[in-house]
Amino acid sequence: MAIKVDHIGIATRELAEGLAVWRDTLGLKVAGTEEVEEQGVRVAMLELGDTHIELLESLRPSSAVAKFVEKRGPGIHHIAIEVEDIQAALAELRNRGARLVDETPRIGAGGCLVAFVHPSSTNGVLLELVQHR
Ligand code: ZN
C-alpha cells in the first residue's frame, strides 16, 4: 500500500530555527509555507530529492506539536508515507489491529488527505498516511 516517504515531519519551536538549518545551512529550497488551522500548525515544506522535509511550528499551546516540543524538545515528529488510496490503507491497518489517531482522513498541508496512526502500534513512530489529490 505504501508508495514512498512523502515527507519527514520535524517539530520546531519556531520555523525560523528549522529554516536556519535546513534552508540556510543545508541549502534546501522552500517549496511553500502555510498554516493548517485544523492541526494548529504553521508548516514549511522543503524539497529534498523526491521527498520533503516538513517543518512544523505550533500556532497554539494545545496543539499536538506544542505538546511534543514541550515534552521532548524539537526533533523528528513523524514520518509520512504516500499511499494511493488512504481509505483502503486505513481499513487494512484497522484490520491488522493498528491504533488509528484518525479514523477518517482529514485535509492536511497542501490540501492532501492525511491520517495519523498512533506510535503505540508502529514501534514508537508516529506515522502519517498521505494521499495526494
Ligand atoms: Zn506531515
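The following is a conversation about a predicted model of a protein chain with a zinc ion.

Visitor: How do you know how confident the predictor was in this chain?
Guide: pLDDT is the predictor's confidence in each residue, from 0 to 100. The mean for the protein chain is 95, and 100% of its residues reach 70 or more.

Visitor: What makes an atom a donor of the zinc ion, and which residues provide the donors?
Guide: A donor here is an N, O or S atom within 2.8 Å of the metal. His7 (NE2), Glu54 (OE), His78 (NE2) and Glu128 (OE) coordinate the zinc ion at 2.0 to 2.2 Å, so they meet that cut-off. Along the chain, the donors follow the spacing H-x46-E-x23-H-x49-E. His7 lies in strand E1 (residues 2–12) and His78 in strand E5 (residues 75–83), 71 residues apart, and this pair links distant parts of the chain. Both histidines, His7 and His78, are buried.

Visitor: Why is the site of the zinc ion called irregular?
Guide: The angles among its four donor atoms run from 86 to 171°.

Visitor: What makes E5 and E8 a pair?
Guide: Four bridges join E5 to strand E8 (residues 127–131), and the cut-off is at least two, so this is a pair as well. These two strands run parallel. Glu128 in E8 is the bridge partner of Ala80, and Glu128 also coordinates the zinc ion.

Visitor: Why is His77 called buried?
Guide: The relative accessibility of His77 is 13%, and buried means under 20%, so His77 counts as buried. His77 lies in strand E5. Leaving aside neighbours within four places in sequence, its contacts include Gly9, Leu56, Phe68 and Leu126.

Visitor: Is Asn123 buried or exposed, and why?
Guide: Exposed means over 50%, and Asn123 has 81% relative accessibility, so Asn123 counts as exposed. Asn123 is found in the loop between strand E7 (113–117) and E8.

Visitor: What is the phi of Asn123?
Guide: Phi of Asn123 is near 55°, a positive value in a residue other than glycine. Most residues other than glycine have a negative phi.

Notes: Residues numbered from 1 in each chain as written. Predicted model: local features only at pLDDT ≥ 70, side-chain atom pairs only at ≥ 80, totals over all residues. Heavy atoms only, no water. Donors = N, O, S within 2.8 Å, 3.2 Å for Na, K, Ca; no water. Tetrahedral: all angles 85-135°; square planar, octahedral: opposite > 155°, others 65-115°. Buried < 20%, exposed > 50% of the residue type's maximum accessible area, 1.4 Å probe, protein only. Contact = heavy atoms within 4.5 Å.
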